Amino acid sequence: KAGDEYAEYMGQYPVINISLKSMKQASYEFAFLEFKRIMSKEFDRYREVLKLDILSPSERRKFEGIYNDIAENSVYFSSISLLSDCLYKAYNKKVIILIDEYDVPLENAYFEGFYKPMVDLIRSAFESALKTNNSLEFAVITGCLRISKESIFSGLNNLNIYPITESLFSDNFGFTELEVLDMIKYYKIENKFSEIKEWYNGYMFGKTEIYNPWSVIKYVQAVSYDNTSFPKPYWSNTSSNSIIKDLISKGDSDTREKIELLINGGSVEKII
């Protein structure tokens, strides 16, 4: 439906596609084991590369090591870069790298007490893949926490960052009002729009009003079976508020007063 301008790119590039969500573990050792599993699975998707006589002995040894989950730990620190080089050789096309939930292992490591080694892993894996990588076409990194060039991306200076305050892509973070109206029209529950708007229209991304997708879907599903279903805070059962809890427990009285003010509908102005 996007048209020929987009369709002509379909299937034309090798793509490395990984999510770091499952790296939320109780220790660095378990988180690193999960990273190894993620990379082994992605190397397995391209195992046919091993059938081609295009890899150097070193590349083949490392590729087979990660593929079979027996590589030395140090190899994984540049595993994304290694796979991109191998794919570029195999397909003669530069590689697109997609990394989702990049911030999950970092936030978790902060609260679990192993932030330093996790930062070292993420920084090494990302910088080798995204900086001065001749095999890279472009990369997209997504997460809930803002990418900080001053911390894990200190070696990268060519990032385009699209936070929720910008208008570009602002309608891609959730359901727009028009999409919600289309949905309830399809399910013939237009009379529920006021309730949906009151409960699930709590976001302003750029200049776009955004509805929580999970909550809207769950509510529409409930009402489709029982028109008298009452709205519920579905999203609160799936998200983590550990950062806010930490802020409240460790913050001073001034911080707590401002949080109480926000809870009661007030506003707080800060210079960032």
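In the predicted model, K93 lies over the face of Y13, at 5.1 Å from the ring centre, where a charge is taken to sit over a ring if NZ of Lys or CZ of Arg is within 6 Å of the ring centre and within 35 degrees of the ring normal. Residues are numbered from 1 along each chain as its sequence is written. Local features need pLDDT of at least 70 and side-chain atom pairs count only at pLDDT 80 or more, whereas totals for chains, interfaces and linings use all residues; side-chain values use heavy atoms, with hydrogens and water left out.

A search of the whole structure finds 17 aromatic pairs, that is, rings of Phe, Tyr and Trp (its six-membered ring) with centres within 6.5 Å, classed as stacked if the planes are under 30 degrees apart, edge-to-face if over 60 and tilted for the rest. W199 and Y200 form a tilted pair, 6.2 Å centre to centre with 55° between the planes, and Y200 also forms a tilted pair with Y234, at 6.5 Å and 40°. Y200 lies in helix α9 (residues 193-200) and Y234 in the loop between α10 (213-225) and α11 (242-250), so this pair ties together parts that are 34 residues apart in sequence; helices are DSSP runs of H or I with at least four residues, strands are runs of E with at least two, and both are numbered from the N terminus. Y200 and Y234 are buried, while W199, at 36% relative accessibility, is partly exposed (buried, under 20% relative accessible area; exposed, over 50%; partly exposed, in between; 1.4 Å probe, protein chains only). Elsewhere, ring pairs link Y28, F32, Y76, F77 and F114 into a cluster.

Three strands form an open sheet with parallel pairing in the order β1-β2-β3, two strands being paired if DSSP finds at least two bridges between them. The edge strands, β1 (15-19) and β3 (136-141), each pair on one side only. Strand β2 (residues 95-100) is joined to β3 by five bridges, and I96 stands opposite F138 in β3. Helix α7 (residues 115-130) packs on the sheet and touches β2 and β3, its direction making about 145° with that of β3; contact means heavy atoms within 4.5 Å, and axes are lines fitted to C-alpha atoms, for helices over the stretch in contact, with angles from 0 to 180 degrees between N-to-C directions.
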